[in-house]
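Welcome! Take a moment to look over the structure below, and then let us walk through a few of its local features together.

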Amino acid sequence: MSSSARQSLRPLVNSVRCLRQEGQSFVLPIRAFSSSSAQSEAAAVEQSTAQSTPGLLDPNLVYTAKAERKLLQTQRKTPIGSRRRRAALQSSNNIPFEQLPYQCFQEARKILGEDREEKLKQIEVQRARIARLTAQQVSPQDERQREHRLASMQRHLQELKILADINDPIVKKRFEDGQGDMNKPIYRFLADKEWRKYKRNLAIQRITQMNVVPDVLPAIDIVANVDLSFGNRAVQPGEFVDSRVSEIPARLKIQVYNKGERYVTIAVVNPDVPDVAKDGFGYRCHFLASNINISPTSGSVPLSQLARDSQVILPWLPAFTQKGAPYQRMSVFVLEQQQGQIIDVKAATEKVEREGFKLRGFVDRYTLKPVGANLFRSQYDEGTAGVMQRAGIPGHDVEFKRMKVEPLPYKKLPGSRYR
């Protein structure tokens with residue numbers, strides 16, 4: 001740096017030093033390259049920063065693993081958004097994301113905006129084509145072909161909606177922060193893509209490795225995420241659950257990724273019930289309910305709050321394993337009903353039995369489609385006897401033992417054989 005430049009910067013440096021000595025914060029003016037305003041987001045960030053109490057951790061600002069664990073243990077709160085976002089907020093001056101002072105970033109946003117305008121024009125053209133085809137009068141023999149073409153055009157329209165926003169950094173930021181609207185196709189697409197990376201593979205691996213498929217159902221294509229929890233405890237697929245914990249009916253969080261509402265049936269089936277008479281195992285249904293309405297934005301289903309007269313076919317039965325028996329698999333299936341189908345709960349209650357319940361026959365009878373599955377396991381523990389007594393289940397004092405295999409009688413060979 002030349003001497004003239006140093007002399008010109010000396011007054012500014014001295015003023016900054018004076019402000020620091022006085023304890024005042026000095027922020028340089030930042031040039032914004034975007035004309036769009038984001039005052040609401042900046043106000044929300046400033047409000048969360050201002051309301052942070054001294055001595056307490058802010059869920060918007062913790063970004064280390066140790067701080068996240070401390071926040072969860074002491075305040076019972078989970079961090080908000082991604083760790084990268086929280087680290088950026090911790091070290092930034094609360095600049096709105098749309099006004100980041102990077103010229104390359106702002107120029108890229110202009111190019112993405114032009115591309116989005118082209119996609120919006122294509123969307124309008126596609127909607128006009130669909131409206132014209134819908135209004136056309138066709139002969140009965142061509143009706144099926146028109147329906148097939150309309151379905152294809154609707155799929156292309158959804159693809160255009162996704163392509164219009166797939167490269168928008170604001171959309172990706174909102175999705176990473178958990179603020180995406182699942183009513184919009186782009187957020188459903190991103191959520192489905194994220195789910196298929198790990199959680200779907202984990203669920204498929206567990207139900208196939210533990211032979212839930214084909215023991216309960218011959219096959220299943222999982223297209224919905226099913227999270228299982230008992231109270232505040234989340235249960236991972238295949239995890240052992242204490243019998244006392246399972247006394248409380250579970251809560252399911254069903255996340256579907258295609259638009260619209262639909263009715264589903266939830267079944268909890270145990271395929272490992274010991275059958276002494278046939279020296280094998282049978283089936284038992286621990287819960288069965290139908291006509292449950294879910295959508296991409298409403299999928300929380302507390303099994304204890306379902307209507308007894310119009311939804312619950314078989315009420316909740318705790319998961320228990322008698323002493324000496326091997327662990328038992330509790331499979332949870334979500335079955336989608338046909339469009340507009342309402343199952344008669346009273347008639348189904350008369351036909352369905354808890355012991356010996358086979359889910360395959362129930363699915364075939366009502367033409368259901370399996371869309372989601374989960375699994376947890378039960379084993380004998382110190383609370384099993386009490387759980388069975390409180391639920392009125394007989395056999396709390398029964399212990400299973402393996403049958404001793406008697407050896408074949410020894411036959412003494414004649415001594416002449418060894419001469």
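A helix here is a DSSP run of at least four residues, and helices are numbered from the N terminus. By that definition, proline 214 lies in helix H10. Please keep in mind that this is a predicted model.

## One side of helix H9

Let us start with helix H9, which covers residues 199-209. Arg200, Leu202, Ala203 and Ile207 are buried there. Because these residues cover an arc of only 160° around the axis, they sit on the same side of H9. Their packing partners are helix H8 (185-197), helix H10 (212-215) and strand E10 (369-378).

## From H9 into H10

Asparagine 211 is in the loop between H9 and H10. With a relative accessible area of 40%, asparagine 211 is partly exposed. Its phi is positive, about 60°, although asparagine 211 is not a glycine. Most residues other than glycine have a negative phi, and most peptide bonds are trans.

What kind of peptide bond joins valine 213 and proline 214? The bond is cis, with an omega of about 25°.

## Two buried residues in strands

Asparagine 291 also has a positive phi of about 60°. This residue lies in strand E6 (residues 280-294) and is buried, its relative accessible area being 8%.

Glutamine 328 belongs to strand E9 (residues 328-336). Its relative accessibility is 3%, so glutamine 328 counts as buried. Its side chain makes a polar contact of 2.5 Å with the side chain of asparagine 270. Glutamine 328 also touches residues including Asp272, Arg284, Phe320 and Phe376.

Terms used: Residues are numbered from 1 along each chain as its sequence is written. This is a predicted model: local features need pLDDT of at least 70, side-chain atom pairs count only at pLDDT 80 or more; totals for chains, interfaces and linings use all residues. Side-chain values use heavy atoms; hydrogens and water are left out. Buried means under 20% relative accessible area, exposed over 50%, partly exposed in between (1.4 Å probe, protein chains only). The arc is that of the directions from the helix axis to the C-beta atoms. Contact means heavy atoms within 4.5 Å. A polar contact is a pair of N or O atoms within 3.5 Å; within protein, one must be able to donate a hydrogen and the other to accept it, and residues adjacent in sequence count only if both atoms are side-chain atoms. Lists of a residue's contacts leave out its neighbours within four places in sequence.
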